[in-house]
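Hi,

Here's the structure I promised to pass along.

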Amino acid sequence: MRVLGVDPGLTRCGVGVVDGAPGRPLTMVACGVVRTPAELDVPLRLLQIERGLEVWFDTHQPELVAVERVFAQHNVRTVMGTAQASAVAMLCATRRGIPVTLHTPSEVKAAVSGSGRAEKAQVGAMVTRILRLDAPPKPADAADALALAICHIWRGTANNRIAAAVAAQNRTRG
C-alpha cells in the first residue's frame, strides 16, 4: 500500500510517501515540504498548500492519507494554522476519494520509537532506520510526515480491520 503522510503547518507542511505493508520492509518513495511565506494572508497560504499537496497527490497516487491530529497548544494562533492546513490536506484527499486517518503526535512517536514522548531527533533517527536511509530526512517536518505514514501502515490498517469487524458484528445483531 502507498501512504501519504502529512505533518500540517502553514509555513512548512511536511509531506512523505511510504510504500509497504505490516510485517514487510517499508520504502520511502519521497519526502519534502510545501512552504508558504509568512507575509502572505492566510487564505493565500492555504491555497498554496492546496496546490502543493495536489502535486504530491498527482505525482505519487497514494491509496491512503495519514494526517497528524491537531492537539491543543498554548499558542492559539499556531493551533489554528495547523488545523487549517490539516483541513486542506483532508479536503484534497477526500475530493479524490482517498481515505484519511488522523493520528496523534504521541501515537506516531510510540509507533516509530516505542515511546509516545520521544524527541524529534529520536523520531528522525527511527524513521532513518525503519526506511533504511543514509541520513535523517530534512527538514524535521518531512521526517514527521514519513513517521505518520509509517504509523498508519503499522497501526492504521489494524485499526481499520478492527472497526470493520465491529461494524460487521453490529450489522448481524441489528
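Below is what I found, starting with the ground rules.

This is a predicted model, so local features need pLDDT of at least 70 and side-chain atom pairs count only at pLDDT 80 or more, while totals for chains, interfaces and linings use all residues. Residues are numbered from 1 along each chain as its sequence is written, and side-chain values use heavy atoms, with hydrogens and water left out.

The overall picture: the protein chain has five helices and five strands (DSSP runs numbered from the N terminus, H or I of at least four residues for helices, E of at least two for strands). Starting at the N terminus, the order is β-β-β-α-β-α-β-α-α-α. Of its 174 residues, 44% count as buried (under 20% relative accessible area, 1.4 Å probe, protein chains only; over 50% is exposed, in between is partly exposed). Contacts (heavy atoms within 4.5 Å) with a separation of 6 or more come 62% from residues 24 or more positions apart.

Thr36 sits between strand 3 (27-35) and helix 1 (42-60), and because its relative accessibility is 6%, Thr36 counts as buried. Leaving aside neighbours within four places in sequence, Thr36 is in contact with Leu10, Thr11, Arg45, Gln48 and Ile49.

Over in helix 4 (residues 120-130), the buried residues are Val123, Gly124, Val127, Thr128 and Ile130. After helix 4 comes Arg132, with a positive phi near 55°.

Cheers
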